Amino acid sequence: MDEYQIITDFGCDLPLHIAEERNIEVIPMEVFIEGEEPKKGSEVDVYEFYQKLREKKVAKTSAVSIDAFVTAFTAHLEKGEDIVYVALSSGLSGTFSAANIAAGELREKFPERNIYIVDSRSGSIGEGLIAYFAALKKAEGATAEEVASYAQEPAYHLCSWFTVDDLFFLKRGGRLSAATAIVGSLFMIKPILHASEEGKLIPGSKARGRRGAIEALADAVERLAVNPAEQVIGISHSDCLKDALDLETMLREKWDIKDVIISEIGPVIGAHCGPGTLAIFFIGTEK
């Protein structure tokens, strides 16, 4: 069986120890914080990052460039390895498109090698879960083609539900109108959003207060999850670990869940959702 490398990008928020344990390579992504030089996401102190966002400093990110993909992929292709790349949702970033362009160029240069691009249709630990599932399948002895096909299937059924603490970031990103953001802030209304089948973020329900929002996320699992007790469920948070642990407790009180991976939302995703975001990812009956 040909050797191959599983690769993802820094938008996956996969805990470092899991990436290292499962030999998942993570391509860096740049973060631009107002008044500072651009940095790789891994070089940014997450606590300080969210403090700056609370001070209303603007942060932006950029997709992985075509050249960066060419460099990362070539390092493995030259060693005779195939590639399975799990990308940040094509509905959220141009990273997936850039990866396909780079792969097209490299297939001509390395015709004997295979490059498989998987659209995770998610972000944060949702993307990380797809890469993690791929690594587990590889450990079972599956080929690169089998792993790529296997990883794409849960991507179609991975539910991504989340709530935010500060509506400012959704307003700035065009997800909410200014009027809705003001009213929601005044009455402590917390929006519950989820990712569509295309991987784009769309408004769902609304909850009163933070506790109500956390309960709404647990309710989404109860309504939509397929055999939750047999799943590895992902929870990600941006500087609100206690809320993430409370959500995990709610889930474990209902089901004897196989496993829960809690991760911190890094600056790539955090720049768009802001501090106080809590998200849950699971395989469901529908997006």
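Here a residue counts as buried under 20% relative accessible area, as exposed over 50%, and as partly exposed in between. The legends below describe close-up views of a predicted model.

**View 1. Asn227, a residue in a loop with a positive phi.** Asn227 lies in the loop that runs between helix H9 (209–224) and strand E11 (232–237). Its relative accessibility is 48%, so Asn227 counts as partly exposed. The phi angle of Asn227 is near 45 degrees, which is a positive value in a residue other than glycine.

**View 2. Asp13, a buried loop residue with a positive phi.** Asp13 has its place in the loop between strand E1 and helix H1 (16–21), and phi of this residue is near 55 degrees, again a positive value in a residue other than glycine. With a relative accessibility of 8%, Asp13 counts as buried, because the limit for that class is under 20%.

**View 3. An open sheet of four strands.** The strands of this sheet follow one another in the order E2-E1-E6-E7, and their pairing is parallel. At the edges stand strand E2 (24–27) and strand E7 (115–119), each of which pairs on one side only. Neighbouring strands of the sheet are turned by 25 degrees against each other on average, with direction ignored. Within the sheet, strand E1 (residues 4–9) runs parallel to E2 and is joined to E2 by four bridges, and in this pair of strands Ile6 of the model stands opposite Ile24 in E2.

**View 4. Helix H5 against the sheet.** Helix H5 (residues 125–139) packs on the sheet and touches E1, E2, strand E6 (82–87) and E7. The direction of H5 makes about 170 degrees with that of E1.

**View 5. The contact of helix H5 with helix H6.** H5 and helix H6 (residues 144–157) pack at an angle of about 145 degrees, and their axes are 9 Å apart. The crossing in which H5 passes H6 is right-handed. On the side of H5 the contact is made by Ile130, Phe133, Ala134, Lys137 and Lys138, which meet Val147, Tyr150, Ala151, Pro154 and Ala155 in H6. Sorted by kind, the residues of this contact comprise eight nonpolar, no polar and two charged.

**View 6. The aromatic pair of Phe69 and Tyr85.** A search of the whole structure finds five aromatic pairs, and one of them, shown here, is formed by Phe69 and Tyr85, whose ring centres are 5.0 Å apart and whose planes stand at 70 degrees, so the pair is edge-to-face. Phe69 lies in helix H3 (residues 66–77) and Tyr85 in strand E6, so the pair ties together parts that are 16 residues apart in sequence. Phe69 is buried, with a relative accessible area of 0%, and Tyr85 is likewise buried, with a relative accessible area of 0%. Together with Phe73, the residues Phe69 and Tyr85 form one aromatic cluster.

**View 7. The whole protein, as a setting for the close-ups.** The protein has 11 helices and 13 strands. Of its 287 residues, 53% count as buried. Among the contacts in the protein between residues at least 6 apart in sequence, 76% join residues at least 24 apart.

Conventions
Residues are numbered from 1 along each chain as its sequence is written. This is a predicted model: local features need pLDDT of at least 70, side-chain atom pairs count only at pLDDT 80 or more; totals for chains, interfaces and linings use all residues. Side-chain values use heavy atoms; hydrogens and water are left out. Two strands pair if DSSP finds at least two bridges between them. Helices (H or I, at least four residues) and strands (E, at least two) are DSSP runs, numbered from the N terminus. Axes are lines fitted to C-alpha atoms, for helices over the stretch in contact, and angles run from 0 to 180 degrees between N-to-C directions. Contact means heavy atoms within 4.5 Å. A crossing is left-handed if the near helix is turned anticlockwise from the far one by less than a right angle, and right-handed if clockwise. Ala, Val, Leu, Ile, Met, Phe, Trp, Tyr, Cys and Pro count as nonpolar, Asp, Glu, Lys and Arg as charged, and the others, Gly among them, as polar. Rings of Phe, Tyr and Trp (its six-membered ring) pair if their centres lie within 6.5 Å; planes under 30 degrees apart count as stacked, over 60 as edge-to-face and the rest as tilted. Buried means under 20% relative accessible area, exposed over 50%, partly exposed in between (1.4 Å probe, protein chains only).
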